[in-house]
Structures are given as structure tokens and as C-alpha cells.
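Have the model open alongside as you read.

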Amino acid sequence: MSQALANDPKREDIVRLVDVSKIYRQGKIEVRAVDNLSLEIDTGDFCALCGPSGSGKTTVLNMIGGLDIPTHGQVFLERRDLASLSRGEVAAIRRDRIGFVFQAYNLIPVMTAYENAEFVLKLQGVSAVECHTRVMTILKEVGLVGLEHRRPDEMSGGQQQRVAIARAIVTRPAIVLADEPTANVDSATADSLLDLMQKLNRQDGITFLFSTHDKRVMDRARRIVRMRDGRIESDEVQG
Amino acid sequence: MQMWNIAWRNVWRRRRRTLITGFSIGFGVLLAAIFTGMAIYMYGNMINASAATGFGHVTFEPIGYSKAPALDKRLSRVDTLREQIVHENGVDAAMERIMGQAMFATASKTVGGMFLAINPQHESAEYNLLIRSLVEGKVFSDKNAGGVVIGKRLAEKLNLRIGKKLVYTTTDVNGEIVSEIARVSGLFVTGVDEIDGGMALFPLRQIQHVLGYHADEATLIAVMLRQQRHAESSRDVFRQKYHDPSIEILSWQQTQPDLAGMITIDAASNYVMQFLIALLIAAGILNTMLMSVLERTREFGVMLAIGLSPKRLFWLVMAESYWMALIGLVIGIVITSPFYWYFDVYGLDFSSLLGDESYTVSNVLIDPVIRMKLHVIHVIAILSAVFGLALLSGIYPAWRAGRVPPVESLRTI
Ligand SMILES: Nc1ncnc2c1ncn2[C@@H]1O[C@H](COP(=O)(O)OP(=O)(O)O)[C@@H](O)[C@H]1O
Ligand SMILES: [Mg+2]
């Protein structure tokens with residue numbers, strides 16, 4: 001059945017989780033971080049994964065990004081079963097098709113804002129000239145013009161998250177996975193980061209899947225998937 | 001590419017730790033240079049001193065002489081041969097010598113010992129320990145002169161002074177016992193008891209005459225090379241060129257097997273010592289790199305998450321070890337150079353500590369001034385060994401970095 005779902009040509013989904021479970025073993029205790037969960041994310045969506053701490057949000061995002069491997073079930077990204085790929089292939093997918101934003105400490109400390117944003121482009125082998133135009137365009141878009149040469153420790157938390165977002169989208173990925181991107185900043189900064197993500201979603205059609213447990217943040221999403229104990233509690237699309 | 005740049009900056013994130021590790025690598029270079037340099041200088045000294053008492057770095061001698069030395073064994077046409085050898089590549093001097101055993105006697109006493117007959121025009125203080133060690137009187141000026149130079153200890157035993165007569169007895173070419181008289185013209189003190197108490201230096205012609213040799217016959221030709229370390233390769237070259245079945249060409253390792261053995265053993269213990277130092281340094285680098293990797297698991301997790309492949313992460317950390325090693329080598333060169341310069345120019349003089357006592361190993365006098373000698377090849381060997389070691393000890397930490405499962409490292413907030 002999962003194969004049939006994956007091959008259904010009508011659906012424009014970018015991410016598909018089919019009966020996915022993740023069980024962590026700590027000695028004799030089993031923790032079901034994700035429990036038989038199925039989920040699809042459509043291209044161009046702006047989707048929030050909500051739920052209290054420990055509900056399995058991070059685990060879901062990590063499995064979508066190939067950072068974690070499900071105990072049962074399948075994860076498809078752009079219709080490719082991640083389990084069928086090698087470590088190197090998954091790394092290449094992360095490099096080319098996924099943008100990651102974490103809660104904090106996203107940036108490589110020894111590199112400037114510019115170099116951080118440029119890093120993945122360089123990994124992709126993009127030419128220096130093109131790197132420059134693309135990075136400058138993105139830095140402008142995220143409002144960091146003038147801060148190109150700052151190192152992470154010379155920037156505020158909000159500025160750092162902007163660099164992280166810039167780095168996530170500069171490669172024009174299929175999807176940006178953001179794990180509690182606003183958890184470490186004040187609410188005004190959180191608002192402006194959400195404004196930015198929303199703008200990138202609307203203007204450039206980038207799919208966003210972000211996790212949060214902040215009510216104000218989840219209200220900005222088009223679709224809200226609520227989780228509890230590793231399961232989906234509710235899944236609604238807002239007007 | 002960019003990785004080298006990131007690696008370089010990463011190395012300097014913990015400035016103090018990097019400098020400490022760099023200095024420990026540099027210290028390794030210093031120790032290796034000192035141990036190797038002193039040993040090479042000392043061996044060189046001993047080899048040269050030993051070569052200067054008889055056989056040279058390379059010896060041309062009658063076949064079977066080294067196994068059973070005897071005065072009836074001799075080379076002929078030594079003048080032509082010597083003339084030819086002196087012009088060979090890498091040869092500094094070639095000296096025809098006659099060596100043998102003799103009894104030395106005066107009216108009061110008889111002492112057994114060795115004699116060495118030389119052509120003073122071909123010899124020099126540099127290549128003849130006995131000439132170099134002259135303390136009283138003078139050495140005869142040419143091979144046709146008369147006179148004898150003996151060890152001071154021998155003179156004391158025989159109650160001899162300069163100008164007095166010495167009777168020496170040996171066997172000639174026919175095995176007959178022959179005796180002759182020579183007047184003592186000089187005394188030497190080498191510091192080696194066996195030499196000072198039982199050796200005599202004669203002009204060549206006088207001994208040829210006594211033994212019944214022709215004017216162009218001698219026991220051997222001692223060849224001194226510009227670089228003693230090329231003794232074996234030069235010997236092989238000579239063997240190719242001078243294939244006379246009556247002549248045997250040997251290197252000092254063959255004519256002085258005791259010394260060669262001693263050097264081999266000493267060098268081996270030196271290597272063991274250096275290996276232990278190397279292990280300590282490697283453990284230090286490994287520890288530093290591993291620490292720096294383990295404290296950055298989160299950072300590596302992020303790098304893996306945004307698409308760096310584990311393979312590239314491995315090479316990033318290897319590049320850090322590379323820079324670390326390079327910093328260590330630069331520090332090593334900077335701290336070793338003044339040491340080397342000092343040891344080369346002034347040396348470390350132990351003569352005041354040793355007093356008048358001289359120090360010998362395998363009957364070879366040791367210079368009380370300790371110096372260092374390193375050839376380019378040793379410098380290259382030391383630097384590349386230390387460099388290779390530093391890189392080698394970076395492999396495990398680099399492998400660990402690539403192994404960090406991204407999830408574990410990202411979970412930590
Ligand atoms: N490496 C792990 N080992 C054991 N349990 C884990 C591990 N990672 C996560 N968990 C557990 O899985 C559950 C879900 O965690 P997580 O996905 O981080 O939730 P959330 O991101 O919603 O806070 C939690 O109960 C957590 O303790
Ligand atoms: Mg979480």
C-alpha cells in the first residue's frame with residue numbers, strides 16, 4: 001500500500017511519512033518517540049508541527065531530513081525512499097534539496113555571516129561569481145545587508161537565525177525544515193522571523209515545515225499538525 | 001579550497017591549546033634533532049678517529065689480510081694505485097701504510113706492540129691520529145727519513161726520551177726475525193692506553209727495507225672519504241672499478257667490526273628512545289584533536305545536517321591535524337635552529353668535567369666537546385617523521401568526527 005501511495009501521480013506532496021515509528025531504547029525501557037505516524041506535506045505549504053515538549057516533533061523533522069532512521073515505516077522525500085539511499089546520497093539530498101534551521105547554534109562559529117550563507121553553495125560547487133550574487137541577494141532578502149562580515153558571536157540571536165534561514169534557502173531547496181526556529185528569541189524577533197519565512201514562502205514558493213510549541217507562532221501557519229505522544233492529534237488548515 | 005581555510009581558523013579557536021600542542025610537536029623535533037645529531041656527530045668522530053689509526057674509511061688490502069694479518073701479505077705497485085685512488089670521486093686522501101706487530105726494546109725492558117709505517121707526504125694531522133696527537137718532538141719529514149715516533153706511555157715503560165735509541169724486532173717477508181735500531185724523534189698522547197703504551201710510527205722506507213719489501217709495496221692503502229657515511233657505496237664503486245683478484249676492498253664496517261657493532265647497538269637504542277618520545281607526542285596530538293572533536297559534536301551535527309558529507313567532515317578534521325602538524329614543525333624548526341647553531345659552532349664542552357681523564361669507547365677516543373651533525377637527509381627524515389606522526393594521530397579523531405550521528409549531536413539543546 002505504501003508503494004501505491006508513493007507512486008500516486010495526482011498528489012503534489014514533497015514529504016510523505018507512511019506508518020512511521022521511532023522507538024528509542026534506553027537500557028530496558030522503550031520510548032516510542034513517534035508512534036505509527038503517517039503524514040504528507042504538499043509542495044509550497046507553510047506547515048507547523050505543534051505539540052508539547054517530548055511529543056516527537058524533532059524526531060519527525062530529523063527523520064524527514066534523513067538525520068534519523070525510522071524503526072518502522074517509510075519516509076519519502078520527493079518520492080524517493082530515504083531508506084534505499086546510501087549515507088552519501090542522503091547527505092547530497094540534504095545539501096541540495098533540504099534547508100535546515102535549528103533552535104540555536106546553527107552557524108559555523110569561525111565563519112562570517114556571508115561565509116555561512118555561502119557554505120552549502122560551495123559544497124555544491126557553485127562558481128565564486130554566482131555564489132556572490134546569490135548570497136548577496138539572499139542576505140538582502142533576509143535583511144542582513146551590512147552584517148556580511150560579522151561572525152556569529154558578533155550578532156544577536158535574531159540575526160543569527162536570519163543567517164541560518166538565508167543559508168537554508170540560498171540553495172533553493174525543495175523544503176526548509178525548521179526545528180523551533182523561534183524558541184530562543186524574544187517575541188518581536190520571533191514575529192519578524194515568521195514574517196520573513198512567510199514572505200519567502202509566498203514569494204519564492206519555498207515549502208516550510210517548522211516545529212513549535214508557541215501558540216502565537218503556530219497561529220501564523222497555514223496548516224497546523226498537532227502531536228502528542230508521538231501521534232498526530234489533529235491536522236487542520238487555517239482559513 | 002574552503003576546507004583548508006575553515007580548518008586553519010578552527011585550529012586557532014583554542015589558541016593556547018594549539019600553541020601547547022604545537023610546542024610539544026616542536027619539542028619532539030628538537031629532541032629528535034638532538035638525539036640524532038649528537039649520535040651522528042659522535043659516530044662520525046669515532047669512525048674518523050678509528051679510520052685515522054689505520055685502515056681509513058675504505059681499505060685496499062691484500063686478499064685475506066683482514067682475516068689473518070701477516071707481514072708477508074702485501075700490495076704491490078701501491079704508488080700507481082694510490083695515485084689513481086686519490087683522484088676518485090669523493091676521495092679526500094689515500095695513504096699507503098704498512099702495519100704489523102713488533103717487540104720494542106731498550107737495555108732495560110721489552111714491550112710488545114704495533115707499528116705503523118707511513119709516507120709523511122701523504123699523511124696529515126687530520127687523517128693520522130698519531131701525528132695529530134704529537135706532544136713532544138717532531139714527526140719525520142719524508143718516507144726516506146729515519147727516526148720513530150712512539151707513544152708517551154711506551155716511552156715511559158721503556159725509559160726512553162727523545163733522541164734515544166729504540167730497538168725493534170719483527171718478522172720479515174720470509175718469516176725471518178729481524179731487528180733494527182731507530183732514534184726516537186717524537187712522542188704522542190692520544191688518550192687511548194693501548195695506542196699510547198704500545199704503538200710506534202715509522203717512516204715507510206725504513207720499514208720496507210727492514211721487511212724486505214720493494215719500494216712500491218705496502219700492507220694497505222687507507223682511503224679517507226670526504227663523507228664517511230658514503231663508505232659502503234664508495235667501496236662498491238671501487239670494487240666495480242678495481243677488480244684485481246689479489247686485492248680486497250673493504251669499508252670501515254668490515255675492517256672495524258667492533259666499532260660497527262657498537263654503533264649499530266647504540267643506534268638501535270637511540271631509535272627505541274626516539275620511538276618512545278614519538279609515542280608520547282602522538283598521544284598528545286591525539287588527545288588534543290579528540291578533545292577538539294568531541295567538544296564540537298553539535299557543530300559537526302549542524303554541518304552534516306546542512307549537507308556536508310561524513311567523508312568531507314573527516315577531511316576537514318584531517319586538515320586541522322595537518323595545520324596542527326605544520327604549526328608544530330615551524331615551532332620545531334624555530335626552537336631547534338639556535339640549538340643546532342650553538343652545538344655546531346661552540347659545542348658543549350665537557351672537558352672540565354672529565355678533567356685529565358680521557359674517555360674511550362671501543363678503544364676510540366671520544367671528543368670531550370659534544371657537537372651535533374645533521375645532514376639534509378636527516379633533517380628531511382625527522383621533519384617528515386614528525387609530520388607523518390602528527391597526521392597519523394589525527395586519523396582516529398577525524399574518523400570519530402565523521403561518525404557523530406547527527407541526531408545525537410543535534411539533540412543536545
Ligand atoms: N536519543 C534518544 N534516546 C532516547 N530517547 C529519546 C532520544 N531522542 C528523543 N527521545 C525521546 O523521544 C521523545 C520525543 O522527543 P523529541 O522528538 O525530541 O520531542 P520534541 O521535539 O517534540 O520535544 C521524548 O520522550 C524524548 O525523550
Ligand atoms: Mg524538539
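In this predicted model, α4(A) and α5(A) sit oblique to each other, because their axes cross at roughly 130° and oblique is what remains once angles under 35 degrees are called roughly parallel, over 145 roughly antiparallel and 65 to 115 roughly perpendicular. The helices in question cover residues 113-124 and residues 128-141 of chain A, and their axes come within 10 Å. Helices here are DSSP runs of H or I with at least four residues, strands are E runs of at least two, and both are numbered from the N terminus. Axes are lines fitted to C-alpha atoms, for helices over the stretch in contact, with angles from 0 to 180 degrees between N-to-C directions.

Who touches whom? On the α4(A) side, A:Tyr114, A:Ala117, A:Glu118, A:Leu121 and A:Lys122 make the contact, with contact taken as heavy atoms within 4.5 Å. Their partners in α5(A) include A:Cys131, A:His132 and A:Arg134. By class, that contact has 7 nonpolar, 1 polar and 3 charged residues; Ala, Val, Leu, Ile, Met, Phe, Trp, Tyr, Cys and Pro count as nonpolar, Asp, Glu, Lys and Arg as charged, and the others, Gly among them, as polar.

| Helix pair | Residues | Axes | Angle |
|---|---|---|---|
| α10(B) and α14(B) | 257-294 and 376-403 | within 8 Å | roughly 30° |
| α1(B) and α12(B) | 2-11 and 310-345 | 8 Å apart | about 60° |

Given its angle, the α10(B)/α14(B) pair is therefore roughly parallel, and its crossing is right-handed. Among the residues that meet are B:Ile285, B:Leu286 and B:Met289 of α10(B), and B:Leu389, B:Tyr396 and B:Pro397 of α14(B). This contact splits into 13 nonpolar, 1 polar and 1 charged residues.

The α1(B)/α12(B) pair is oblique, again with a right-handed crossing. Here B:Trp4 and B:Trp8 are among the α1(B) residues in the contact, and B:Tyr322 and B:Trp323 among those from α12(B). The tally is 11 nonpolar, 1 polar and 2 charged.

Now for the interface. Chain A puts 28 residues into the contact and chain B 25 residues. About 2,400 Å² is buried between them, with carbon and sulfur atoms giving 62%; buried area is the accessible area (1.4 Å probe) that two parts lose on being put together, summed over both. On the chain A side, A:Arg87, A:Val110 and A:Leu123 lose the most area, together 24% of what that side buries.

How many salt bridges are there between chain A and chain B? The count is 1, using a side-chain nitrogen of Lys or Arg within 4 Å of a carboxyl oxygen of Asp or Glu. A:Glu115 pairs with B:Arg9, the closest N and O atoms being 2.6 Å apart. Over all chains, the search finds 33 salt bridges. One joins A:Glu78 to A:Arg97 at 2.7 Å, linking the loop between β4 and β5 of chain A with helix α3, 19 residues apart.

Residues are numbered from 1 along each chain as its sequence is written, and chains are lettered from A and ligands numbered from 1 in the order in which they are written. In this predicted model, local features need pLDDT of at least 70, side-chain atom pairs count only at pLDDT 80 or more, and totals for chains, interfaces and linings use all residues, while side-chain values use heavy atoms, with hydrogens and water left out.

Notes
Left-handed = near helix turned anticlockwise from the far one by under 90°.
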